[in-house]
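Please read this report with the model open beside you. Look up each residue as it comes.

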Amino acid sequence: MLKKYKNLSNYARTSISTYGIILLAFVILFPLQQAGALSYSFSGMLVPICAYIVMAISLNLTVGVLGELSLGHAGFMSIGAFSGAIAAVSLGNGTPDVLRLVLGVLIGGVLAGISGLLIGIPVLRLKGDYLAIVTLAFGEIIKNIVNCLYVGVDAAGLHFSMTDVASLHMTNGTVILKGPQGAVGIPKVASFLSGIILILITLFVVINLVHSRTGRAIKAIRNNQIAAESVGISITKYKMIAFITSAALAGMAGAMYAMNYSSIVAKKFDFNTSILILVFVVLGGMGKFFGTIVATTVLYMLPEIFREFGEYRMLIYAVVLIVVMLATNSSGAKMLKDKIVDFVKNLFARSKNKKVEAGGADSE
Amino acid sequence: MSKMVQVPSKSIVPERDVDKTPILETHHLGIDFGGLTAVDDLTLAVGRTEIAGLIGPNGAGKTTVFNLLTNVYSPTRGTILLDGKSTAGKSTAQVNRMGIARTFQNIRLFSDMSVIDNVKVGLHNSVKESLISNFTHSFGFKKSEKEYTSRALELLDFFKMADLAYEEAGSLPYGAQRRLEIVRALATNPGIVLLDEPAAGMNPSETAELMNNIRKIRDTFNIAVLLIEHDMNLVMNICEGICVLDHGKVIAKGTPDEIKQNPKVIEAYLGKKREG
Ligand SMILES: Nc1ncnc2c1ncn2[C@@H]1O[C@H](COP(=O)(O)OP(=O)(O)O)[C@@H](O)[C@H]1O
Ligand SMILES: [Mg+2]
């Protein structure tokens, strides 16, 4: 391979490109937004795009860096969204907006992180692909729980019920979560600026983690779990660190997302959303954060852009997805490309040194 | 724990190590896979600075012994003592931290990571840093990273691989990949290193260099080496004690000269056509 790379410069390259594109987007879009030069629909997409970028980067930590498949990332987003909304409403109008936002995002992150821990403890110690199944179920369970959860707040604190508003037994309080109607009366305290800050924090945490002792252990586990164990890496511990970090960041994104709307329903964070985020990651590139940012932004906006195609919108969306997948980094496309490259190489180097075959099979 | 026995086979522990606790002992070690007894009644000891060999025909159970010693498999019977301490119930990672490292018959590198990062993963437990510093790259992060880098380069340099440090491990030539696996194992600072067919697929000059390196490992790091190998020239030249397995059972133990003359060995192993 001609390609040489240094760990340090790789770290620098990733940092510069990712922070760079985010800051650039901010510097261009923020003044336009402030001046009211952006269309209403585009302006409304800014915070959601920020939230989805955080979702995709955090999912990439689990899928691309750790190599575990998660099919319920929207579940963590949901936990963050509703706990963040409850926190923000409970704090009341007397609290400054910034504080409501920050505390809401933090609480959303912590609760999602704890859910990640609870899922990870039983599942990540197993060998095999159980995480995909369990996270899939987790996402659906969260959706169904929120759908029949009623939460209200009054002077005495928070009230919970699984049946209806009346059974919250509040005299003079505010109902925050109304079962299938979702969370209502959320303060719209999220802004483009706060979305950008959350992305930068996410990039800082994830890129630093990947390029550290812990990150090396995580990548080693993805590369070869048996070898990683053989050099003394505690598999479960490092899988947990990656998964919990990923879940907590998703929770923060969820809280940010919720506080961009005055009401939000659990259906928003269903299986389709989890898959959508996974598509952003796959198209953006496994373990590649710059690509993730670009893929998320483009793919999130595409359905809007294609709106003029009317009923063919989703059909065109699907075709574009397939084309992009083939053109970039699907394993199928990669294999095809590698095969062609190998074929050409072999044509020129046939007489040269033959590759030594690996020794016989062993029984691990 | 099975009944304790006298340290067996003192004869194959080199003179200089005899009065010290063997770095590795097994007592009546055995494992069954369903109906198949892959290893049975294996009792051996490896001296603290011994180069020992484990040989036998294909399918004899040699790799299975390594998997038992590193707790990849839990033994059905018997005990393993590492530096006098039982490894029963420990995980593979814990056993490594107790002082045993290995290479694999079919190479298992972290192939899309750089060469130096492979070694740094090996150093994982020797340079500690706080978890928070991994997220922030501060609180002493730079200092410990520097230490990782210098120690990894030092190890790579020892095996003349420093110039390959920033190559992708999976893109190295075959011989270099085998060497890197050894470097990675040594990075964990073991008391004994297990090499599973280290010369497989190597040409004669690479094999000669490997022999030198194995001696260098023992002399410089002052540790024991237990190796599985089909290359009889290599085994007879560098091993001080040899254990021969056939169908999971020990059929002979002794010095290279004793092994060469043992009729059972000749029949079971040396007499047969080598299958690689
Ligand atoms: N995990 C396993 N399950 C079932 N059989 C196994 C397993 N591992 C090894 N064996 C069997 O144990 C025997 C010894 O294998 P192995 O240790 O790889 O031999 P060697 O390394 O001496 O060539 C073989 O018959 C192999 O099929
Ligand atoms: Mg073998």
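Where in chain B does B:N222 lie? B:N222 sits in the loop between helix 7 (204-221) and strand 8 (224-228) of chain B. Helices (H or I, at least four residues) and strands (E, at least two) are DSSP runs, numbered from the N terminus.

## Ground rules

This is a predicted model, in which local features need pLDDT of at least 70, side-chain atom pairs count only at pLDDT 80 or more, and totals for chains, interfaces and linings use all residues. Residues are numbered from 1 along each chain as its sequence is written, chains are lettered from A and ligands numbered from 1 in the order in which they are written, and side-chain values use heavy atoms, with hydrogens and water left out.

B:N222 is not a glycine, yet its phi is positive, at about 60°. Its relative accessibility is 54%, so B:N222 counts as exposed. The cut-offs are these: buried means under 20% relative accessible area, exposed over 50%, partly exposed in between (1.4 Å probe, protein chains only).

B:H247 also has a positive phi, near 45°, and is a residue other than glycine. B:H247 belongs to the loop between strand 9 (241-246) and strand 10 (249-254) of chain B. With a relative accessible area of 64%, B:H247 is exposed.

B:T63 lies in helix 1 (residues 62-69) of chain B, and B:Q105 in the loop between strand 6 (100-102) and helix 3 (115-122) of chain B, so the pair ties together parts 42 residues apart in sequence. B:T63 is buried, at 8% relative accessibility. B:Q105 is buried too, at 5%.

## A helix pair in chain B

Helix 3 of chain B packs against helix 6 (residues 174-187) of chain B. The angle is about 30°, and the axes are 7 Å apart. That makes helix 3 of chain B roughly parallel to helix 6 of chain B. Axes are lines fitted to C-alpha atoms, for helices over the stretch in contact, and angles run from 0 to 180 degrees between N-to-C directions. Angles under 35 degrees count as roughly parallel, over 145 as roughly antiparallel, 65 to 115 as roughly perpendicular and the rest as oblique.

Helix 3 of chain B brings B:V115, B:N118, B:V119 and B:G122 to the contact, while helix 6 of chain B brings B:L180, B:V183, B:R184 and B:A187. Contact means heavy atoms within 4.5 Å.

## Chain A

Chain A has 13 helices and three strands. Of its 364 residues, 51% are buried. Helix 2 (residues 40-66) of chain A and helix 7 (residues 213-223) of chain A pack at about 55°, with axes 8 Å apart. That makes helix 2 of chain A oblique to helix 7 of chain A. Here A:G64, A:V65 and A:L66 meet A:I218, A:K219 and A:R222.

Is A:I264 buried or exposed? A:I264 is buried, with a relative accessible area of 5%. A:I264 lies in the loop between helix 9 (235-258) and helix 10 (271-284) of chain A. Leaving aside neighbours within four places in sequence, A:I264 has contacts including A:F82, A:Q181 and A:F269. The C-alpha atoms of A:I264 and A:L177 are 9.3 Å apart, though these residues are 87 apart along the chain.
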